[in-house]
Amino acid sequence: MSAFSNLVLSPMLLPAMPASTVVLPSFSFHEFQPLLPAALLAITAMLLMLTEAFSVSKSRSYQAILAVVASAVAGFLAFQNTQLPAGLILNGRGVMDGFSSWITLIACLAAGMSSLLALGFFRQRNAERGEFYGLLLFSAAGMSLLSVSNEFVTLFVNLELMSLATYALAAFWRRGNRSVEAGFKYFILGAFASAILIYGVALLYGATGTTQLDMLYHVLPKALEDSPWLVWSGIILVLTGLSFKIAAVPLHMWTPDVYEGAPTPVTALMSAGIKAAAFVALLRVILHIGDSSAMLLHILCFLAALTMVVGNLLAIAQRNVKRMLAYSSIAHAGYILIGVAALFAGGHLGNKVGVLSATQMANSTAEMLRSSALQGILFYLLSYAITVVGAFGVLAAIERREDDGAPNAWDLSKLSGLATRRPGWALAMALFMFSLGGIPSTIGFLAKLYLFKAGMSAGLIGLSILGVLASAAGMYYYLRVIVYMYMRPPTVTETGIRHWSTEFILAVSAVAVIVLGILPGPLLDWLSQASLFSPN
């Protein structure tokens, strides 16, 4: 053996190396409290997957009930977390505040209601499978984790957890090509959006040296001075990726195809839960990079105006009810963007001048307007979730098994004379249409009122007026549904298959639309306690 080998292999000849000490971070239980709802949802999802693998019974009703119970318990835990003080957790990788807890509650509400819709929907098609409810709970867990993310890597991972489960849910219905096509389109376009998002994150990391949002807030002004093009390229790409998730124009074209092709309970989950989770991710990013330049306010206002106008114009031309509600969902994203712009203007511009006749404001007034805008956003997301899940619940109730591959399965004529065939369903659908249109005495009216009021108070007068006009134009296609149900003779004799779970969702949603529209006080008191973690 050579002398070199002896020198390398002999431990006696090696120099003594100091032992390195690995210090593991220590976390308190308090820091894991915001993660408990997501952990419960994920554990239940894995349990459902295992029970499906070993189940020999043809009935899968217990799986839907288990998913509903898990969603309810997780929602209760999220509601308890709304009382916790805001702050960073897990070494700054996450954030705990009232806003994230309320978003988790909305995600659990959407998951539970969609599970009950799926119980009746798949029962009549003899297609109950445990993996459906497992994927649904995984998607809800991703929504919850996304709401507490305070770092780009964790935000991206949780966004993908939510999205990948939803891709599979959209393609879950394998009888026919429509559902598979919807899942494939959603997956391909979602992959492009994710690639754009992560590329923007890479550019921001290259310019700032950090992926943590609260640190990004402090180092971004210096990075803008050193490499403005790199920073703005990263910001635009990140906003582009997140705009896809909220279906903002011009990144909205996937929405009608996916909403139409996906199973109706999945469409209900996407329109309610995913929109809420995507908006909280957008808010996290905007409020940490927004103080760098007033240009971002111009971008938000332009995006809100374009989304409202295009969504409503395209919805007016639709005879397919599911596609109409899809374009309506795009328009509602535009309304919520008014609140986002108002939150940004009121909370981070201070004495700076905004756009569209924005006024100057003192810092104390700005903080009050910021709280008002935040309350309006939360109230709108909650009201929209209740209403749109109910609307898709009516569609799930009247959908027949024979309609799965029919090209005109969702034509307005399917609703003709529904008031004579199913008066209860027609009444519920009318209430949901009134709420989506913003008719007084419904929860949708108050939601629009608070959002537009927040926009006006923040000085976004022109944008708020445009929102009112767009909402008025949207009443055309909502009232058209009511006209077909009450003023057109029936063109089909089928009445749909009644199931207790679907009837329960329709009843609860209809009552909530009216009660919360007339007596919103307790809900508003709870929402007023919600806070959004501030980077400064």
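Helix H10 is followed by Ala-247, which has a positive phi near 60°. The model is predicted. Ala-247 takes this positive phi although it is not a glycine. The residue lies in the loop between H10 and H11. Ala-247 is buried, because its relative accessible area is 3%, and the cut-off for burial is under 20%. The loop between H10 and helix H11 (254-261) also holds Pro-250. The peptide bond from Val-249 to Pro-250 is cis, and its omega is near 10°.

H10 itself covers residues 228-246. At 1.5 Å a residue, its 19 residues should span 27 Å. The C-alpha atoms at its ends are 27 Å apart, so expectation and model agree. Buried residues of H10 include Val-231, Trp-232, Gly-234, Ile-235, Val-238 and Leu-239.

The buried residues of H20 are Ser-501, Thr-502, Ile-505, Leu-506, Ser-509, Ala-510, Ala-512, Val-513, Leu-516 and Gly-517. These residues cover an arc of only 160° around the axis, so they sit on the same side of H20. An α-helix has 3.6 residues a turn, so residues three or four places apart point the same way.

Across the chain, there are 21 helices and two strands. Of the 536 residues, 60% are buried. Among contacts with a separation of 6 or more, 81% join residues 24 or more positions apart. The chain exposes about 20,700 Å², and carbon and sulfur atoms supply 69% of that area.

The largest nonpolar core has 176 residues. Phe-132, Phe-279, Leu-325, Leu-337, Ile-377, Met-433 and Met-485 touch the most other members. Helix H15 (residues 363-398) gives the most to this core, with 20 residues. Leaving aside neighbours within four places in sequence, Phe-132 is in contact with Ala-118, Phe-122, Leu-169, Phe-172, Pro-265 and Val-266. A second, separate core has six residues, among them Leu-35, Leu-84, Leu-90 and Met-96. In soluble globular proteins, nonpolar side chains tend to be buried together.

Leu-90, from the second core, lies in the loop between strand S1 (87-89) and strand S2 (94-96). Its phi is positive, near 55°, in a residue other than glycine. Leu-90 has a relative accessible area of 18% and therefore counts as buried, the cut-off being under 20%.

His-332 is part of helix H14 (residues 321-348). With a relative accessible area of 2%, His-332 is buried. Apart from neighbours within four places in sequence, His-332 is in contact with Tyr-380, Tyr-384, Leu-436, Lys-448 and Tyr-478.

Cysteines were also examined. Cys-108 counts as buried, because its relative accessibility is 4%. Cys-301 is likewise buried, with a relative accessible area of 4%. With a cut-off of 2.5 Å between cysteine sulfur atoms, the count of disulfides comes to zero.

Technical notes
Residues are numbered from 1 along each chain as its sequence is written. This is a predicted model: local features need pLDDT of at least 70, side-chain atom pairs count only at pLDDT 80 or more; totals for chains, interfaces and linings use all residues. Side-chain values use heavy atoms; hydrogens and water are left out. Helices (H or I, at least four residues) and strands (E, at least two) are DSSP runs, numbered from the N terminus. Buried means under 20% relative accessible area, exposed over 50%, partly exposed in between (1.4 Å probe, protein chains only). Contact means heavy atoms within 4.5 Å. The expected span of a helix is 1.5 Å times one less than its number of residues. The arc is that of the directions from the helix axis to the C-beta atoms. A nonpolar core is a set of buried Ala, Val, Leu, Ile, Met, Phe, Trp, Tyr and Cys residues joined through side-chain atoms within 4.5 Å. Accessible areas come from the Shrake-Rupley method with a 1.4 Å probe; for residues, only the protein chains shown count as cover.
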